[in-house]
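Hi,

Here is the structure I said I'd pass on to you.

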Amino acid sequence: MRIEYVGHATVVIDLDGVRLVTDPLLRKRVVHLRRAVPVDARALDGVDAVLVSHAHYDHLDLPSLEKLGKSLPVVVPKGLGGLLRKRRFENVSEVEENDVVRIGELEIRAVHAEHENTRGPFGTKAQPLGYVVSGSRSVYFAGDTDLFESMSNLASPDVALVPIWGWGPSLGRGRHLDPRGAAEALRRVRPRLAIPIHWGTYSPIHLGLRGAPAFLRLPAAEFATAAAELAPDVEVRVLAPGESLEVA
């Protein structure tokens, strides 16, 4: 298994001959946000399918999906398929919590996520999801979420991809995990290995005029410290955007 943290909530998972990408956000500029680290186009070569966790623009980014191609299978929460079909995406699967889809040798189960369900104030609503990818190894991609009661039922995956921050000096509106909340998630989920995501990638342009803001780097260190306290049995590997890890 190989994991590449492309940045924000975008992760490439290579497992059992299948190459998945989560919540692709690949643009240098997204409205008022600027990307700190460029995307290596080779990271997205040969992708077999896309997993989208929820409706927010920084997770369901239609221009980024179009870069990957409109024939690529895309799995989205129920209620979001119409947005893609209007843009002529050809292979869209809508899922609800506990639904299972198969892609190659992998089984992908949609699981609960505790997060806002709207796409802007007047946009489409859909229940956010995480995904557990299972094959010879298992990976939990949490999407965007806060802590929730059934998190301890996720069956101790080999790898957990856990969001720890966002794109600004604070987490903003909605329900998110901060570094300590993400460490508590590890205590509940009990993965063998944890990789923090949703940090270190985008920041508002005006906050970077005098150098890279501290919130692009500090959350990962804070998460590692909190995880050592709350979930000491879980190995934490911090990947900067663009870095990858071979998982034995």
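Below is what turned up, starting with a helix and moving on to the pockets.

One thing to keep in mind: this is a predicted model.

Let's begin with helix 3, which covers residues 179-189. Eight of its eleven residues are buried, so the helix is largely enclosed by the rest of the structure. If you want to find them, the buried ones are Pro179, Gly181, Ala182, Ala183, Glu184, Ala185, Leu186 and Val189. And what covers them?

The largest pocket comes out at about 560 Å³. It has 28 lining residues, and those closest to its centre are His56, Tyr57, Asp58, Trp167 and Arg173. By type, the lining of this largest pocket splits into ten nonpolar, eleven polar and seven charged residues.

The second largest pocket has a volume of about 170 Å³. Around it you'll find Leu26, Lys28, Pro38, Val39, Ala41, Leu44, Lys67 and Leu68. In that lining, six residues are nonpolar and two are charged, with no polar ones.

That's it from me. Happy browsing!

Key
Residues are numbered from 1 along each chain as its sequence is written. This is a predicted model: local features need pLDDT of at least 70, side-chain atom pairs count only at pLDDT 80 or more; totals for chains, interfaces and linings use all residues. Side-chain values use heavy atoms; hydrogens and water are left out. Buried means under 20% relative accessible area, exposed over 50%, partly exposed in between (1.4 Å probe, protein chains only). Helices (H or I, at least four residues) and strands (E, at least two) are DSSP runs, numbered from the N terminus. On a 1 Å grid over the protein atoms alone, a cavity is a set of points where a 1.4 Å probe fits but cannot get out, and a pocket is an open set with protein on both sides within 12 Å along at least five of seven lines; lining residues have an atom within 4 Å of a point. Grid points are joined across faces, edges and corners, and a volume is the space filled by probe spheres set on the points. Ala, Val, Leu, Ile, Met, Phe, Trp, Tyr, Cys and Pro count as nonpolar, Asp, Glu, Lys and Arg as charged, and the others, Gly among them, as polar.
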